Amino acid sequence: MPRKSITKDHQDSVIETILTLQDEFKDMIENIIGVFEYDQCFPPFKGVALETNLKHAIGYIRYSDKKQDGNNSIAIQKRQIENKANQEGYHIILWCMDKAVSATHKDAINRPWMKVLFECASSETFVGAIFFCEESRVSRQVNDFVRDVHDPLKEEKPTLKFFSTTEPDEWDPTKPHIQAKLLIYRNESEFKKDRAVRYQQNCMQPSNGQKPIRPGSALPYGYTKDEHGDIIIDNTEHKADIVYLINYLSSLGFSNNIIALYLNECNIDSPKGKTWVPSMIDKIIQNLFYQGHLTWNVRKSRSNSARKDLGQIDLFENYHKPIIPLHLAELVIQMRRFKNQFGRNMDTPFILKDLLECKSCKVPLISKNFTSGKSTKKKLVYRCVSCKKYVEIDRVHEIIFKKVFEHLSKNRVVMNKEVMTMLKRWKKTLTQKQENVSKTILHVKEQERFVTNGSTPEEVELANSITSILNQLSGKSTELGNIKDKIEQLLDPVELDTLLTNFFNYESNSLTQVELRSLSLFFIEKIELNFTSVNASIDYRITPFVNLENWISQATADLAI
């Protein structure tokens, strides 16, 4: 047989073996990663000399910072690994690339593509080697890669080899100089981390008394910096308008899922230029940065993206111009409280659920579906559990909303004044309570003179008690002051008029179930329904700031001092 035919047959056999392996790898990758870019993982055969003794290998690449996206880090690591593989007589048939994945904060086996490497290298049909650049690519924690990847694979497949581009021979983690390098890379990461933390602290709490500076990081969607480095609103492509729209829709009771769906249907790109998902909506709604406040250390940890409580984050109020005014922000918060209290499903036909009461029995009405199994028409009712009377929801809604919208239309000016009056009354109450707390603080401090030198157990106990009381009173004074400042902002007549106008301009037939439900919760305290006359009396709320009213009641409770 001619030599060329033998060579071709051999190359076809080698290619077939590689393709079989890659098909097996593909299934493993899809199980771990999901959808992936085929061409980036599996190198082409074009231009490759498939020699008789060619051995298969997996190449591992990693970089830690998203800022490295698009730079030459991958190309450089690939070139170094390919050169090393050629020297050792191997051909890379699979690239495993962990992009923007920290080796300091994530153990080796918990990185997505390291999991792929482990599964593929464990395959019975794979007989080859694993290549990577210097040790910092696989570990920044000294022993995680060796413990969770190297040793288990070597125990399962003793012939499997590991190669680093910085080592002349096979990579052996038991060698002292390699252990030293792993330790050095770990210490280097710790040093960088400490330096970053110190830099952030210096930015947020400058020692020279200057205004805090937001540490280097991407600004939230809807903001940018001007030529002087100051934070300004970015409304290019209507970004700031979209942030406002998201909060506005949320204040009306629409779910994050519905808002995301709406934005996608309108072909509005997300901050990353992709489709919107509910988590993006939630992130924007709960970000205090949009209210003009500088925030830092918001997440509970690097691995836990849940938000800390407000008192645990670094917060600098009124740092830059807000996109979301306080009035709207308060309604968004209030809507979240409504959902926690009455249920998250605002798109319900029982629009007045939790607001109705039987006038005769003085008990809340329940929502009931009386539709029979054979009926094609739904029969939904509000029912009294005491007297067993009920009425269909459509009849109740027609009566109630006719009254509500007549009330809003006729009493616009009066309601506006009542809201202003109530806010001013709250402010006056808070001022008086704050003055009382200040007087009490002075009175408690006078008691300190009875503690001479704290030498006896009684004096120590008294001193500790005084310190504890002073801390509590100081915290209460700060809390009252914060609420008072918030009310001062709410008293802005222009913003308040804009907010209330939105409510007053509603018409019943133009609103969805969600919007009618939200309007009812904001403006109705209680509805007494008379089943005999099928009529109702409505107790209206004075302001839509229900949460703030409750907050003031709690903050001023037990302060009759």
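**Figure 1. Asn 267, an exposed residue in a loop.** At a relative accessibility of 68%, Asn 267 counts as exposed (over 50% relative accessible area; buried is under 20%, partly exposed lies in between, with a 1.4 Å probe and protein chains only). The loop that holds Asn 267 runs between α8 (256-265) and α9 (278-285). Asn 267 is not a glycine, yet its phi is positive, about 60°. The model is a predicted one, in which local features need pLDDT of at least 70 and side-chain atom pairs count only at pLDDT 80 or more, while totals for chains, interfaces and linings use all residues. Residues are numbered from 1 along each chain as its sequence is written, and side-chain values use heavy atoms, with hydrogens and water left out.

Figure 2. Val 142 lies in the loop between β3 (128-132) and α5 (144-156); helices (H or I, at least four residues) and strands (E, at least two) are DSSP runs, numbered from the N terminus. The phi of Val 142 is near 75°, a positive value in a residue other than glycine. With a relative accessible area of 24%, Val 142 is partly exposed.

**Figure 3. His 150, a buried residue in helix α5.** His 150 is placed in helix α5. Its relative accessible area is 7%, so His 150 is buried. Apart from neighbours within four places in sequence, His 150 is in contact with Phe 145, Phe 162, Trp 171 and Pro 173 (contact means heavy atoms within 4.5 Å).

**Figure 4. His 91, a buried residue in strand β2.** Strand β2 (residues 90-98) includes His 91. The relative accessibility of His 91 is 11%, and His 91 therefore counts as buried. Lys 55 is 36 residues from His 91 in sequence, but the two are 6.1 Å apart in space, C-alpha to C-alpha.

**Figure 5. The packing of helices α12 and α13.** Helix α12 (residues 412-447) packs against helix α13 (residues 457-490) at an angle of about 160°, and their axes are 9 Å apart. Axes are lines fitted to C-alpha atoms, for helices over the stretch in contact, and angles run from 0 to 180 degrees between N-to-C directions. The two helices, α12 and α13, are therefore roughly antiparallel to each other (over 145 degrees; under 35 is roughly parallel, 65 to 115 roughly perpendicular and the rest oblique). The contact of α12 with α13 has, by class, 14 nonpolar, 7 polar and 6 charged residues. Ala, Val, Leu, Ile, Met, Phe, Trp, Tyr, Cys and Pro count as nonpolar, Asp, Glu, Lys and Arg as charged, and the others, Gly among them, as polar.

**Figure 6. The crossing of helices α10 and α15.** The axes of helix α10 (residues 326-342) and helix α15 (residues 513-523) cross at roughly 95° and come within 11 Å. That angle makes α10 roughly perpendicular to α15. On the α10 side, the contact is made by Leu 331, Gln 334, Met 335, Phe 338 and Phe 342. On the α15 side, Arg 517, Ser 518, Leu 521 and Phe 522 take part. By class, the contact of α10 with α15 has 6 nonpolar, 2 polar and 1 charged residues.
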